[in-house]
Amino acid sequence: MKHLNLLIKPSSSNCNISCKYCFYSDVAKNREYQNLGFMSYETIEKLVIDAFEMKPENITFSFQGGEPTLVGIDFYKKFHEFVKKYKNENTGINFSMQTNGILINKNWMELFKNYNYLLGVSLDGNKDVHNTFRYNHKGIGTFTEVIKSIKLLQKNNINFNILCVVNKKTVENIEEIYNFFKTSRFKYLQFIPCLDKLSGEKNEEFSLTESMYGEFLDNLFNLWYSDFKQNKYISIRYFDNLLSILLNNPPESCDMLGHCSVNTVIEGDGSVYPCDFYVLDKFKLGELKDNTLESLITSKKAMEFIKSSLFVDVKCRNCTYFFLCRSGCRRHKDFENKTYQNRFCMSFKSFFSKNMTKLVEVKEWIRKKNS
């Protein structure tokens with residue numbers, strides 16, 4: 001194995017805020033036990049031992065939630081003691097955390113610096129947009145607290161990117177949001193389409209239609225393209241991955257590979273799942289206390305998860321843009337009702353039909369620059 005990517009949920013579904021569109025809250029409500037508890041030292045030690053025993057070339061330990069800082073900083077100090085104790089000399093190690101940022105303070109800065117963490121901080125744009133759906137348990141917007149934490153990261157030169165959930169409000173305000181991110185000196189951006197509930201229920205306040213998401217992609221791309229032409233490059237993950245494909249390189253984003261892999265999720269109680277979107281009882285691979293990590297992620301059940309994603313709708317295979325889209329994320333398809341076409345299919349077709357020439361132009365510029 002070359003690379004082992006572990007998505008660790010040390011706080012399970014516990015969170016200190018109540019985002020209205022939170023997909024993981026919805027996932028947790030659809031399993032027998034909504035909250036699987038804070039991760040114990042025994043569980044994280046077992047995970048570290050098992051990970052290094054697999055002898056991969058590289059391991060990325062990624063902490064997410066819920067809210068991963070809720071477990072407390074002492075948990076992470078103990079985790080790094082285990083890493084130091086069990087690591088292999090030939091295995092590279094990376095650390096990352098996806099957080100709402102609210103609990104981050106000076107004590108966390110030392111940890112992030114010492115171990116060169118990459119932070120993903122959730123921020124939906126300027127104050128009005130962010131506070132629409134991202135608020136605390138009292139219904140108060142969290143923008144001011146998040147910005148305070150981001151400034152602390154900037155002051156301490158901690159690497160971070162911004163994770164922005166794309167919803168109806170984002171579509172309506174994307175130019176304002178993009179310009180806010182620029183003036184705030186945020187250079188690395190991820191825009192993640194909002195998920196409807198597993199039941200298929202849509203929410204009029206934030207749910208995306210195909211036309212909305214297509215409009216969003218087009219408007220965002222042209223804002224980005226205009227800056228690119230002026231030598232003001234900003235990294236937007238989706239566009240970076242499209243360019244990687246055009247340059248005959250593999251995309252790093254799993255939803256653009258054309259099939260699922262076991263993107264290993266470890267919940268608070270040590271139970272293991274194949275994907276962050278499928279931390280559900282029927283997809284559970286097993287528990288660390290009873291199995292090795294390697295046996296779980298190479299199990300028959302894990303392979304069945306991968307195999308089920310290999311089917312691609314015939315309409316997708318015959319599409320002009322399939323080589324770029326690759327049918328997209330499984331979570332945007334209805335496998336229960338055997339509807340395998342991505343729900344944003346028309347969004348992508350609209351975007352590519354309007355902007356393919358510009359994408360190729362940027363690709364050629366990159367190729368010439370690197371030749």
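1. Ala, Val, Leu, Ile, Met, Phe, Trp, Tyr, Cys and Pro count as nonpolar, Asp, Glu, Lys and Arg as charged, and the others, Gly among them, as polar. On that basis, the lining of the second largest pocket comprises six nonpolar, seven polar and eleven charged residues.

2. The model is predicted: local features need pLDDT of at least 70, side-chain atom pairs count only at pLDDT 80 or more, and totals for chains, interfaces and linings use all residues. Numbering starts from 1 along each chain as its sequence is written, and side-chain values use heavy atoms, with hydrogens and water left out.

3. The second largest pocket has a volume of about 700 Å³. Its lining consists of 24 residues, and Leu198, Lys333, Asp334, Phe335 and Glu336 lie nearest its centre. A pocket is an open set of points on a 1 Å grid over the protein atoms alone, where a 1.4 Å probe fits, with protein on both sides within 12 Å along at least five of seven lines; lining residues have an atom within 4 Å of a point.

4. Helix 9 (residues 210–229) packs against helix 10 (residues 237–246) at about 80 degrees, the axes being 11 Å apart. The two helices are therefore roughly perpendicular (65 to 115 degrees). Helix 9 contributes Leu217, Leu220, Phe221 and Trp224 to the contact, and helix 10 contributes Tyr238, Phe239 and Leu243 (contact means heavy atoms within 4.5 Å). These residues divide into seven nonpolar, no polar and no charged.

5. Gly120 belongs to strand 4 (residues 118–122). Gly120 is buried, at 6% relative accessible area (buried means under 20%, with a 1.4 Å probe and protein chains only). Leaving aside residues up to four places away in sequence, Gly120 touches Met97, Gln98, Thr99, Asn161 and Leu163.

How values were computed
Axes fitted to C-alpha atoms, helices over the stretch in contact; angles between N-to-C directions. Helix = DSSP H or I, 4+ residues; strand = E, 2+ residues; numbered from the N terminus. Parallel < 35°, antiparallel > 145°, perpendicular 65-115°, else oblique. Points joined across faces, edges and corners; volume = space filled by probe spheres on them. Buried < 20%, exposed > 50% of the residue type's maximum accessible area, 1.4 Å probe, protein only.
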